[in-house]
Amino acid sequence: MCTCVSFLNQHQQLYFGRNLDVSSSYGETVMITPRNYNFSFKHLPNIQTTKAIIGMGICDKTYPLYFDAANENGLCIANLNFPTFAYYHPHPIPNKINLTSYEFMMWVLQNFDTVAQLLPILQDVVFIDTPLHNQMPTVPAHWMISDAHQTIVVEPTKQGIKIYNNPVNVLTNNPSFDWHLMNLHQYVGIQPNSKDSINWNDYTLKPLGVGTGSFALPGDYTPQSRFIKASYVNTHYPTVESEEENIYRMFTTLAQVSMPLGCVQDEISVYSSCYSTKTKTYYYQRCHQPILQQITLDERWIHYPTIKLF
């Protein structure tokens with residue numbers, strides 16, 4: 001499953017984070033892919049990286065497979081599960097940018113620094129169902145991509161690639177993103193303020209405590225409900241100033257939609273993360289390790305000779 005969230009601080013600096021909700025850990029670790037690293041595509045020419053990338057993922061031998069990542073110039077991306085809805089073409093299509101789902105994040109982060117640069121090129125992208133190897137098939141995915149000015153969602157479907165502006169800066173899983181946005185309208189009455197007392201004939205109904213304005217806000221773990229709750233919290237959390245306050249904001253928001261052990265069959269939030277473009281620092285917290293850890297993308301790692309695993 002999974003939930004992704006982004007927001008800006010008062011200086012318009014981006015914070016981008018996610019929960020990874022799966023049945024068990026994949027052995028994921030923080031990875032930094034440095035500049036000048038040789039990267040091979042299945043259907044495009046191989047490249048040597050020009051931008052360092054930091055994020056969480058797994059390294060298949062020398063091949064980085066990110067779950068969420070950011071490049072050194074502040075463009076951030078995460079892949080989230082999109083079963084039954086995602087569609088990949090069986091073969092490359094001539095005169096198109098043919099990419100596999102596991103290559104897409106690297107392609108985005110190496111070729112672009114802003115969403116505005118990426119948007120006009122996306123229409124030429126086609127997703128191809130070519131596995132990395134026999135033990136690593138493609139997985140159904142969609143992506144949230146953010147910079148300091150805009151957030152979008154990219155979804156590969158049978159009808160073609162769908163690109164949505166994301167005004168709430170949140171993504172979960174099925175159904176499609178446009179459905180989630182429309183579903184938000186059902187919660188137009190949800191608000192932070194408590195309800196006033198009202199009279200039903202001669203009987204006065206009084207709030208029994210604070211929080212009555214958010215009564216009926218979903219609290220279950222379905223993608224639909226996580227989208228509503230994460231959007232509500234992300235929208236109403238006040239803008240805060242310091243790095244510490246913004247990191248606390250992200251992990252507090254993600255905690256509202258995380259999956260504790262035993263609460264959802266075969267699912268648990270194995271880690272939560274936040275990348276700060278202010279400090280170029282990747283913060284993360286594992287499900288059984290409550291202590292927050294951090295890695296900064298500094299000069300040591302930007303020019304490191306190979307992928308650095310932490």
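A216 is exposed, with a relative accessible area of 53%. Here exposed means over 50% relative accessible area, buried under 20%, and partly exposed in between, with a 1.4 Å probe and protein chains only. The model is predicted, so local features need pLDDT of at least 70 and side-chain atom pairs count only at pLDDT 80 or more, while totals for chains, interfaces and linings use all residues. Residues are numbered from 1 along each chain as its sequence is written, and side-chain values use heavy atoms, without hydrogens or water.

A216 sits in the loop between β16 (203-205) and α4 (223-236). Helices (H or I, at least four residues) and strands (E, at least two) are DSSP runs, numbered from the N terminus. Phi of A216 is near 85°, a positive value in a residue other than glycine. D266 also has a positive phi, of about 65°, and is not a glycine. This residue belongs to the loop between α5 (243-255) and β17 (268-276). D266 counts as exposed, at 56% relative accessibility.

The loop between β14 and α3 holds P175. A cis peptide bond joins N174 and P175, with omega about -5°. S176 lies in the loop between β14 (170-171) and α3 (177-184). S176 is buried, with a relative accessible area of 17%. Beyond its neighbours within four places in sequence, S176 is in contact with F82, F85 and E155. Contact means heavy atoms within 4.5 Å. S176 and F82 are 94 residues apart in sequence, yet 8.4 Å apart in space, C-alpha to C-alpha.

Helix α1 is largely enclosed by the rest of the structure, because 10 of its 11 residues are buried. Among them are F104, W107 and V108. Two packed helices are described by the angle between their axes and the distance between the axes. Helix α1 (residues 101-111) packs against helix α2 (residues 115-122) at about 130°, with the axes 10 Å apart. Axes are lines fitted to C-alpha atoms, for helices over the stretch in contact, and angles run from 0 to 180 degrees between N-to-C directions. The two helices α1 and α2 are therefore oblique to each other. Angles under 35 degrees count as roughly parallel, over 145 as roughly antiparallel, 65 to 115 as roughly perpendicular, and the rest as oblique. In this packing, F104, W107 and V108 of α1 meet L118, I121 and L122 of α2.

The largest nonpolar core has 83 residues, of which F104, W107, L122, W143 and I145 touch the most other members. Such a core is a set of buried Ala, Val, Leu, Ile, Met, Phe, Trp, Tyr and Cys residues joined through side-chain atoms within 4.5 Å. Helix α1 gives the most to this core, with 7 residues.

Y88, F104, W107, F112, F127 and W143 form one aromatic cluster. Rings of Phe, Tyr and Trp (its six-membered ring) pair if their centres lie within 6.5 Å; planes under 30 degrees apart count as stacked, over 60 as edge-to-face, and the rest as tilted. The count comes to 17 aromatic pairs. Y26 and F67 form a tilted pair, 5.8 Å centre to centre with 50° between the planes. Y26 lies in the loop between β2 (14-22) and β3 (29-33) and F67 in strand β7 (residues 63-71), so the pair ties together parts 41 residues apart in sequence. F67 is buried, at 13% relative accessible area. The pair of W301 and F310 is edge-to-face, because the ring centres are 5.3 Å apart and the planes lie at 90°. W301 counts as buried at 11% relative accessibility, whereas F310 is partly exposed at 31%.
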